Amino acid sequence: MTSPRIKERLIALILLALVLFSPPLILMMDRNPEAGLSRLPLYLFLAWALVIALAAWLMERQSGK
Amino acid sequence: MAVLGIAFGYLGLLFVIAAWGDRRAEQGRSLIGSPTVYALSIAVYCTAWTFYGSVGRAASSGPSFLLIYLGPTLAMLMAPLLIRKMVRIASAQRITSIADFISARYGKSSSLGALVALIALIGITPYIALQLKAITLSHAVLVNYPQAADMRLVDESFWHDKSFWVALVLAVFIILFGTRHLDASERHEGMVAAIAFESLVKLVAFMAVGVFTVFVLFNGPGDLFARVAATPELAGALSLEAVPGGAVGWMGTLVLAFLAFLTLPRQFQVLVVENVDERHLKRASWLFPLYLLAINIFVIPIAMAGMLLGDISGNPDSFVLTLPLSAGLDGLPLLVFIGGLSAATSMVIVETIALSTMVSNQLVMPLLLRSRRLQLGSRGELAGWLLGIRRVAILLILLLGYLYHALIGDSYSLVTIGLVSFTAAAQFAPALLIGMYWRGANRKGASLGLIAGFLIWAWTLLLPGFAQSGWLDPGFLDQGPWGIAWLRPYAMLGLEGWDIYTHSLLWSLVANVGLLVGISLFSRQSPLEQTQAALFTEAMHPGLMETSLWQGQTTRGELRLLLDRYLGANATARVFSRPDASEDDLPAPPALISRAEQALAGALGSASARVLINSVVRGEALDLDAILSILDTTSETLEVNRRLEQKSNELARASEELRSANERLRELDRLKDEFVAMVSHELRTPLTSIRAFAEILHDSQDLPEEKRRHFLDVVVHESQRLSRLIEEILDLARLESGRLTLNPQRLDLVILARHSLDAVHRLQENRGVDLEVDISLDTAWVVGDPDRLEQVIINLVDNAGKFTDDDDPRVLVRLERHKDHFRLAVEDNGPGIAEGERERVFEKFHQIKHSGSQARGRPKGSGLGLPISRGIVAHLGGRLWVEDAPHLGGACLVMEMPEAPAAEPEET
Amino acid sequence: MAKVLVVDDEPNIVISIEFLMQQAGFDVVTAEDGESALARVAEGAPDLVLLDISLPGISGFDVLERLRADSDHARLPIIMLTAHGREVEREKGMALGADDYITKPFSTQALVEKVKTLLAEAS
């Protein structure tokens, strides 16, 4: 956390994760595509993986320097 | 019995790993000095509740089980900001637990520490009970299958109850495991290593069931979900409708999991207290969420599979066991049982050690110290006391867990018990988090907030649990106590329709935060509180690290005696750099007093350490003003340092610039000297001939006419050479100083080239050079100085003529368009110019060595023609370079000029 | 009749010196670079060498050094010719064993005098 830019990016990532994991996005993703199963779990896992990948990229790139 | 044997074998393996970890730590080769081990140890978060309960929760409440892991994901993303500060504070103050942390923040208050310890004890006991229940239940499922697990406890006496023996075995194991050291300190490296190992075991076990379910019981996820979609009863199972409380419940659980992840005693233990290097947080901040994702990825498939298969699966909480059992497997269910055991034991081990530390440091020790019952006769006896207290505490905590399990455990499913404990732990969050960022938060506010939050938790979650298990009259749930409707536990103040956890969390946190902030705003802090508040909120300030905060006075001897008595010789030796007692009469420096207090705090907690230090040190620790002045001066010093550094950087840069400018000047000077020497050499050569022949002509009157004419020719020729040379030198000087006057104008390069070639044609012919011209363009408009360009062209052709093949000298001049440029290429069929020499031919006075040219009587160049030509072309916006001759195979000099913009109307 | 070897890469200078030497009554052989200078010395030992310093290929200094290294020519009178008027070069030439040193452009009379003096000393 030496560079303030890293701090800002991390905070942006936290906010992104918060938005991804909360309503109204959750409600939108919950709509049944063709009255079958909800896509919500699939969406949650994808969003989760995205957040983790971004965090890994941010953290490991920084420690690489 | 085989199952029991394997379970004990597994516990034995853990013990070996822990012992190995401790051994390595003593040798200074820490086993846990890696961010990966750290991340794995944090995975103690995934208990039996995760291992068995997630599937149950997915079966009953859809995707809401994921919230328990998304909350910690958010918290871990903040680790480099938030947890780093907690780690920094904890290592500076030698914090032993979350109770110690909160107590230290609010003026090392022993009453607040005791309160936190008590709440933790009451709030976490159900959670421990849950683990005991999981172990017994999973064992029963494994042994009794296909009969349902027989879990009637109340009817039997406790010695027939397996849970009781599980609790006892675990207690003995943890006592052996966590309190082996006489040297009581806050860290347990061996335990962390074992926990990290357990995290791997439970992950592998769970993934194994997942893969088995999806790919063996079903033909991959496509098959499984197609069959789920075809089952109408399961249609809404994955949607938000299945989540208790809907969107509000969703957010409530997310916040709850976020807060609990930071405040559960065992999480605080592994995240903060056991952290060996705060840099590990960076890796853990994404690796731990990745672990969570991995252990959850098969939860929904397993839940859906269990529900599809119906009766043979039994209770959803046991799907992970019953699915492989129903397939008739032997090994996999055993692996699952071990995985569940590892999840449960890791939680119980860390939680019990964390709680027992709180009990000994925050509850028992302060009482003993205050009542002065603790009369320590010999040295090091305190460590024995501490370990004794902790061992008893471990036993009591596990028996308490068993009691809860035996009396109430049956009324809740695995899923719900965990959330009850989460909500209790979340009560620590306001005091912890607000205390880290708001200096004004004080002890009174924190204590009252905690008490209020705890009471509301007990009223809205704990007591209803008792009521549901028949220990209380459940009537108050529906009508409220004494018929007061707005006090109904699940609908406080008439708030209805929420899920019970979000409801409880909201009211308890509102009361908790409200009192903490409100009372802090309207009451005063003691000086020590102010000091600690400043130290906590400013923990990331770099100036605080090395500052000693004691101003009091004592002798080294007194301090040594104190440490010796309470911590023993080894710990004392670590605090005192010098082992001998020779300087014991000297006053102890402030840094030593600080070290001593920290050492005591690491064993006893900050509040007790404070009491003990006060008993020998006269005077006070630094007060708030002093700390603030340290903070201010250090920040001023930092600022001054920063400016100084900036200044010296600027200076260094300036002197670097000066040095390089100086070097450049020297280089230029050297080049100038060289140039002057070259010029003088070049001028002297024709001058020598002129003078020699002039003298000969002067001295020898009787020369034959033919000789006289020859000599005079030489004089004339050399004079011309001399003046040409002078002209070139002047050109070069003008080019280099930028004073070359050019008259740029639109001109047709085709005409100019033909004109120039006409001028040299005869000369080349005389030398026997075959000059070929290939100009297919009609016009080639460029902007240039016609005289100078002609000079360049002539020079190029002349130059090429000198390097042609001896036997069949040929020169080819081509003019062609290249994009929006025109290129005039002059080729010869000579030996060509080596790659490395190509730029050097444009150096001044560079002469290509070519033997035999003199023999053919060709004039030698001055070595200035090409540099001048390049200078002129560059001044006119073009380029001049050497390449391989494509047609004649020798060297090819290419002059490239940009095409002139379209002509103005009046010009045409 | 004494034989003089003139070494220079400027043809006109060679011609002028050749004429001057012949007029003074010497045999003249010429060379335009270091290699051929060494070859001429090997073919028939000259009595004196007029040697330019800046030659293509092997420089005049190199030629001087090689001749002096050979015991046959250790005492061969050698006059260096140079268009560089620098003291360092003169000193280098003398240190390498040159007998005299003439800067271009030179006085024809002085050149002839020096050659005659050195030849007289040598014999």
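Visitor: Which are the buried residues of H12(B)?

Guide: This is a predicted model, in which local features need pLDDT of at least 70 and side-chain atom pairs count only at pLDDT 80 or more, while totals for chains, interfaces and linings use all residues. Residues are numbered from 1 along each chain as its sequence is written, chains are lettered from A and ligands numbered from 1 in the order in which they are written, and side-chain values use heavy atoms, with hydrogens and water left out. The buried residues of H12(B) are B:Pro265, B:Arg266, B:Gln267, B:Phe268, B:Gln269, B:Val270, B:Leu271, B:Val272 and B:Val273. Buried means under 20% relative accessible area, exposed over 50%, and partly exposed in between (1.4 Å probe, protein chains only).

Visitor: And how many of the residues in that helix are covered in this way?

Guide: Nine of the nine residues in helix H12 (residues 265-273) of chain B are buried; helices here are DSSP runs (H or I, at least four residues) and strands likewise (E, at least two), numbered from the N terminus.

Visitor: Switching to the largest nonpolar core, which residues touch the most other members?

Guide: Among its 202 residues, those are A:Phe21, A:Trp48, B:Tyr45 and B:Phe422, where a nonpolar core is a set of buried Ala, Val, Leu, Ile, Met, Phe, Trp, Tyr and Cys residues joined through side-chain atoms within 4.5 Å. Helix H7 (residues 110-144) of chain B gives the most to this core, with 18 residues.

Visitor: What does A:Phe21 touch?

Guide: Leaving out residues up to four places away in sequence, A:Phe21 touches A:Ile26, A:Ala47, A:Trp48 and A:Val51, and also B:Leu70, B:Leu74, B:Trp250 and B:Leu254; contact means heavy atoms within 4.5 Å.

Visitor: What is the secondary structure of chain A?

Guide: Chain A has three helices and zero strands, in the pattern α-α-α along the sequence, and buried residues make up 43% of its 65 residues.

Visitor: Last one: where is confidence lowest in chain C?

Guide: In chain C the lowest confidence falls in helix H4 (residues 87-95), at a mean of 76, whereas strand S1 (residues 3-7) is highest, at 93. The chain C average is a pLDDT of 87, with 98% of the residues scoring at least 70; pLDDT is the predictor's confidence in each residue, from 0 to 100. Where pLDDT is low, the predicted coordinates should not be read in detail.
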